[in-house]
Amino acid sequence: MQNTENVNSIADYDAILNVAQVYVDGLKIGDVEQLKQTFHPDGLMAGTMPDGKLTTKLQFLFDFTAENGPAPEVKSHISILHKAETAAVVLVELENLQGGVGSTDYLSMLLVDGEWKIISKAFNLYWVNMDKVC
Amino acid sequence: METKSYQWTDALTLEKLDKMEILTMIDIYIAGLRLGRIDLLKQTFHESAIMYGFSAEDKISEGSIQRLYDIIEKNGPLANVTSENSVLHQTPNTALVLAELKNTSPNQNSTDHLSLMKINGWWKIVSKVYHLSNAN
């Protein structure tokens with residue numbers, strides 16, 4: 001079979017990585033508006049907080065960021081785990097968030113009207129001393 | 001030293017067990033589609049789960065997972081669907097699965113990106129983002 005077109009363009013890979021980077025930078029500077037730009041407005045965030053509370057609401061991310069501010073020391077590593085023509089999944093490893101917390105974030109993205117948007121974020125947190133978190 | 005190596009073994013075993021449970025959940029999801037069993041689908045998805053993706057006609061489908069149940073209720077079983085599933089990444093509480101479905105409708109395949117969470121000991125899909133393609 002002859003393949004005439006690669007549906008996974010480098011421009012798309014770059015755009016996906018860029019959205020993930022804007023998301024990380026939003027966390028770093030604590031900018032809720034910047035975070036909102038990267039998500040679909042009806043997106044979802046799912047994960048368990050150190051106090052055991054489960055969240056499935058994206059609004060929780062915006063509220064948490066507004067309350068807790070920037071994470072200036074955060075370090076990140078971004079990888080695209082899989083990509084189809086209009087959908088992609090991105091792994092974002094984060095170290096040194098607020099209180100030294102780490103997180104493994106799964107960002108599921110969709111290409112909507114020419115722009116990659118985060119549809120869902122699922123996170124797993126790592127922490128040593130819970131007192132400093134939330 | 002011995003204690004440490006036991007802990008390491010336990011962690012590995014837990015990870016393997018989780019992986020089996022995750023892939024079993026995905027099998028139930030596929031079985032739900034193939035048999036048209038909404039009750040099976042409801043076992044695999046969290047009640048707040050969302051589903052997003054484009055149809056072959058480039059129409060976006062968005063919102064609650066209820067939409068999947070409505071489609072199956074309306075169209076019945078996807079009798080010929082098969083799937084190859086891989087866990088792309090997992091942590092103790094979250095997982096990311098790639099499900100490559102064939103024959104979701106005649107000559108159509110679906111690439112599903114499924115995000116899962118372990119809630120009260122059970123793995124549940126919290127988000128499904130898909131891309132449909134023509135099988136040529």
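1. Pairing of β1 with β6 in chain B. In this predicted model, I50(B) stands opposite S127(B), a residue of strand β6 of chain B. The two strands involved are β1(B) and β6(B), the latter covering residues 122-134, and they run parallel to each other over 6 bridges.

2. The threshold applied is 20 or more other C-beta atoms within 10 Å.

3. The contact between the chains. Chain B contributes 28 residues to the contact and chain A contributes 24. On the side of chain B that touches chain A, at least two residues come from each of β1, β3 (82-90), β4, β5 (108-119) and β6. Sorted by class, that side of chain B holds 13 nonpolar, 14 polar and 1 charged residues.

4. Backbone angle at N103(B). In general, most residues other than glycine have a negative phi. N103(B), however, has a phi near 60°, a positive value in a residue that is not glycine. N103(B) lies in strand β4 of chain B, which covers residues 94-105. With 17 other C-beta atoms within 10 Å, N103(B) is partly exposed.

5. Backbone angle at D113(A). A positive phi is also found at D113(A), where the value is near 50° and the residue is again not a glycine. D113(A) belongs to the loop that links β5 (102-112) and β6 (115-126) of chain A. Because D113(A) has 6 other C-beta atoms within 10 Å, it is classed as exposed.

6. Composition of chain A. Chain A contains 3 helices and 6 strands. Read from the N terminus, the order of its elements is α-α-β-β-α-β-β-β-β. The radius of gyration of chain A is 16 Å, close to the 14 Å that the globule rule gives for 134 residues, so chain A is as compact as a globular protein of that length.

7. Extent and packing of chain A. The C-alpha trace of chain A spans about 60 × 25 × 25 Å along its principal axes. Of the 134 residues in chain A, 35% are buried. Among the contacts in chain A with a separation of 6 or more, 50% join residues 24 or more positions apart.

Key
Residues numbered from 1 in each chain as written. Chains lettered and ligands numbered in written order. Predicted model: local features only at pLDDT ≥ 70, side-chain atom pairs only at ≥ 80, totals over all residues. Pairing = 2+ DSSP bridges. Helix = DSSP H or I, 4+ residues; strand = E, 2+ residues; numbered from the N terminus. Buried ≥ 20, exposed ≤ 12 C-beta atoms within 10 Å, placed from the backbone. Contact = placed C-beta atoms within 7 Å. Nonpolar A, V, L, I, M, F, W, Y, C, P; charged D, E, K, R; others polar. Rg over C-alpha atoms; globule rule 2.2 N^0.38 Å.
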